[in-house]
Amino acid sequence: KSFANLPMALSDEFDWPQFSEITGFLNSTIGGWTDSLYLRLRRRNRCNHRDLQNISQNGGSSGNLLHLIKSLARNQLLDNPAIVTYATIGNDVCNGHRDTLAHMTTPQEMLSNVLQALRYLDARLPKGSHVILTGLVDGRFLWDNLHDRYHPLGQLNRDVTYSQIYAFLDCLQVSPCSGWLTSNETLRNMTSERALQLSTVLKEIARSEKFSNFDIFYMDFPLRQTAEEWHKMGGEPWQLIEPVDGFHPSQIAAALGTSITWQKALQEWPQVLGKENPFNDQIEAIFKDQGGH
C-alpha cells in the first residue's frame with residue numbers, strides 16, 4: 001500500500017500538476033493552498049469545467065517544448081479557443097554542466113525555438129485563442145534567500161546548509177542549475193543577464209509578431225510581486241522555494257503567482273479571460289459537481 005501511488009508519481013516526475021499554478025484543481029495538503037488559472041476560469045465560466053492540459057516536463061526548455069507541444073489536444077474546427085501559457089521559467093539557462101554558460105540557450109536559439117512553437121500552435125489552435133509568453137525568472141533569489149539556511153537533511157543536527165547541498169550536487173555534476181546554485185556571484189549575475197536577454201526576446205516576439213489564430217501577450221515572471229505579496233501576509237522569502245530541492249517554487253509561490261497573473265490579465269487583457277457566464281448557477285444546478293475533477 002505504501003507504493004500504491006508510485007506509478008502516478010513516476011509518470012508525473014514527482015511533480016504535482018493537480019496543485020500547480022496554471023492547471024491546479026485539487027485542494028493542496030502539501031504546505032500551502034491551491035489557486036490556479038484553471039480554477040479561476042472555471043468559476044468565471046462553468047463551461048471551462050475539466051478543460052485543462054498540463055504539457056510540461058522538469059527541465060523543459062524552449063528546445064524541449066518543440067517536442068512536448070505535440071501532445072497538445074485541441075481540434076481547430078470543433079473546439080473552443082484556448083489560452084496557452086508558455087513558460088520555461090529558468091530551464092533555458094539552467095543546466096548541470098561545469099561550463100554552464102556554454103550550454104545555455106542563446107537569444108538567437110530562443111527566437112528560433114519560440115517562433116517554431118508559435119507556428120505549430122497557429123496551425124492547431126482554434127481561431128480566437130490566446131498565448132501568454134512568460135519571461136524567465138531571476139534565479140539569484142535562490143542563493144540570496146537560502147544559501148545559509150539549513151536544508152531539511154541538516155535541520156536536526158544543524159549541519160547541512162543549502163550552499164553545501166548545492167556544492168555537493170555540483171560536485172556530482174547533477175546540479176539542476178550550476179549558474180544560480182553556486183557561491184560564485186559573478187556566475188550568478190551572468191546567468192541572470194542571459195535570462196534577461198531571453199526574456200527580452202520573448203517580449204519582442206509578443207510586440208512584433210502576428211498570428212492568424214491567436215493574439216499574443218508577454219508578462220514578466222511574477223517572482224518579485226509574489227515575494228512582496230507574501231511579505232505583506234507576514235511570510236518570509238525562503239518559504240516561496242520548495243524546501244527539499246531548494247530550487248522550484250513552493251505551493252505558496254504557485255498560488256500567489258496565480259493571483260498576480262489573473263489580475264494582470266483582468267486589467268490589461270480582459271478578452272483573454274472571457275466574460276462571466278450568467279448561467280453558471282443553472283449549469284451547476286443541472287450538472288451538479290460530477291465528483292469534482
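Which residues line the second largest cavity? Its lining consists of Glu-21, Ile-22, Leu-37, Gly-257, Thr-258 and Thr-261. This is a predicted model, in which local features need pLDDT of at least 70 and side-chain atom pairs count only at pLDDT 80 or more, while totals for chains, interfaces and linings use all residues. Residues are numbered from 1 along each chain as its sequence is written, and side-chain values use heavy atoms, with hydrogens and water left out.

**Cavities and a pocket**

On a 1 Å grid over the protein atoms alone, a cavity is a set of points where a 1.4 Å probe fits but cannot get out, whereas a pocket is an open set with protein on both sides within 12 Å along at least five of seven lines; lining residues have an atom within 4 Å of a point. A volume is the space filled by probe spheres set on the points, which are joined across faces, edges and corners. The structure holds two cavities of 30 Å³ or more. In the table, Ala, Val, Leu, Ile, Met, Phe, Trp, Tyr, Cys and Pro count as nonpolar, Asp, Glu, Lys and Arg as charged, and the others, Gly among them, as polar.

| Space | Volume | Lining residues by class |
|---|---|---|
| Largest cavity | about 40 Å³ | six nonpolar, one polar, no charged |
| Second largest cavity | about 30 Å³ | two nonpolar, three polar, one charged |
| Second largest pocket | about 420 Å³ | nine nonpolar, five polar, six charged |

Helices (H or I, at least four residues) and strands (E, at least two) are DSSP runs, numbered from the N terminus. Helix α9 (251-268) and helix α10 each supply at least two residues of the lining of the largest cavity, and α9 also gives the largest share, three residues, to the lining of the second largest cavity. The second largest pocket has 20 lining residues, with Leu-136, Val-137, Asp-138, Asp-220 and Phe-221 nearest its centre, and α7 contributes the most to that lining, with six residues.

**Helix α6**

In helix α6 (residues 162-171), the buried residues (under 20% relative accessible area, with exposed meaning over 50% and partly exposed in between, for a 1.4 Å probe and protein chains only) are Tyr-162, Ile-165 and Tyr-166. They lie on the same side of α6, because they cover an arc of only 100 degrees around the axis, taken from the directions from the helix axis to the C-beta atoms. The face turned away from this buried side carries the exposed residues Phe-168 and Cys-171.
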